[in-house]
Amino acid sequence: MKGVVFLGDRKAEVREFPTPDPGSGQVLVRMKASSICGTDMHFYRKSWDDLVAFRQSFNGSPDTITGHEPCGVVEAVGSHVMTVKPGDRVTVYQHVGCERCGFCRRGDVMFCPKRTGYGSVHNGSAADFTLVPERNCLELPDALSFERAAVLSCAGGTAYQSIKRLAPSGKDTMAIFGLGPVGLCAVMFAVARGARVIGVDLVPERLELARQIGASDTVNATQDNPLEVIQDFTGGKGVDAGADYSGNSQAQEAMLACAGKGARLAIVGVGESFSVDTLRVMIMKQLTLMGSWIYNIGLHDEFVDFVLEKELPLEKLITHRFRIEQGPEAFKLFDSGKTGKILFTWEDS
Ligand SMILES: [Zn+2]
Ligand SMILES: [Zn+2]
């Protein structure tokens, strides 16, 4: 089988690997759609020495296949696999936990002290096949295409958990900063819950896409001051809810500035630190500020149902499709920061 590996300093290559045999409790998944994520790019941009040091700190191989947003069909199962069988359509949860600690048992696998991930330590999904534990296989209904499921697997799930926790409704105006794939999924979810959404970004194509999927207004922060536009839009009251998916400290501070009294806010984008005026902003506006990280594995069925029931057009976030043989080209293009979601796809998916 073919798989994409990183060579350090923004270089990648496609290599031939033996197709693995599933061992006890393991499942071999034949890929149908596998998307590229911003997280992959943190590894893509590392130097070779930093990449090796990171992977060795988790006892991973320097030649790990990248990718952690896989969807496909179960090809084979090992012994003691009880709930998954060949032919099942599945997506794969991206973190592997110990399955014994309290966090794993309640589905917060991302908090497991022994957590490891695909594409960073385990061979990932930028490959013809991926070997995963049974518990990570999440069933997909026939109504959800592999491509839409790939967008949901990491970007959609991360957006869903943060929006669920902020709970915007028809009473609320919400500002969403950072309109990459996660932020755009958040726009869809907040609009579907009834909120009026204002999207903020620097890239005109992303702002246009946000309007197409239901944002009431958008702000290009290279041209206009988001705070002024949002104050105008809300009649000076500020927003009821806000979330940042950019990780940019200016955006995070703008989100705090445009928050209205009693607003709920979330930071989701990974990036720089930012400062908060604890008295005049946090206390006197009585804000609730939370972090949100990836998603609880138990939310998967809930957000799949939500997307199908609301008929959310996740496929609109996909701008490019590549064959796995074109791996280096796909990562180079995604690194430009100007695309939407990029997918590897396989014939007849
Ligand atoms: Zn991801
Ligand atoms: Zn655990």
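Modeller: Start with one pair: Thr173 has Arg196 as its bridge partner in strand 11. Strand 10 (residues 173-177) and strand 11 are parallel, with five bridges. The chain goes from strand 10 to strand 11 through helix 5 (residues 181-192), in a right-handed β-α-β crossover.

Biologist: What are the ground rules here?

Modeller: This is a predicted model, where local features need pLDDT of at least 70, side-chain atom pairs count only at pLDDT 80 or more, and totals for chains, interfaces and linings use all residues. Residues are numbered from 1 along each chain as its sequence is written, while chains are lettered from A and ligands numbered from 1 in the order in which they are written.

Biologist: What makes strands 10 and 11 a pair?

Modeller: Two strands pair if DSSP finds at least two bridges between them. Strands 10 and 11 have five bridges, so they pair by that definition. Helices (H or I, at least four residues) and strands (E, at least two) are DSSP runs, numbered from the N terminus.

Biologist: Why is a crossover called right-handed?

Modeller: Point the strands away from the viewer; the path from the first strand over the helix to the second must run clockwise. The crossover from strand 11 through helix 6 (residues 204-212) to strand 12 is also right-handed. Strands 11 and 12 (residues 217-220) run parallel, joined by four bridges. Ile198 is opposite Asp217 there.

Biologist: How do you know that strand 11 is mostly covered?

Modeller: Buried means 20 or more other C-beta atoms within 10 Å of the residue's own; 12 or fewer is exposed, in between is partly exposed, and C-beta atoms are placed from the backbone. In strand 11 (residues 196-201), six of six residues are buried. Arg196, Ile198 and Val200 point one way, and Val197, Gly199 and Asp201 the other.

Biologist: What makes a nonpolar core?

Modeller: Buried Ala, Val, Leu, Ile, Met, Phe, Trp, Tyr and Cys residues, joined through C-beta atoms within 7 Å. The largest one has 99 residues, and Ala175, Ile176, Ala186, Val187 and Ala190 touch the most other members. Helix 4 (residues 146-166) gives the largest share, 11 residues.
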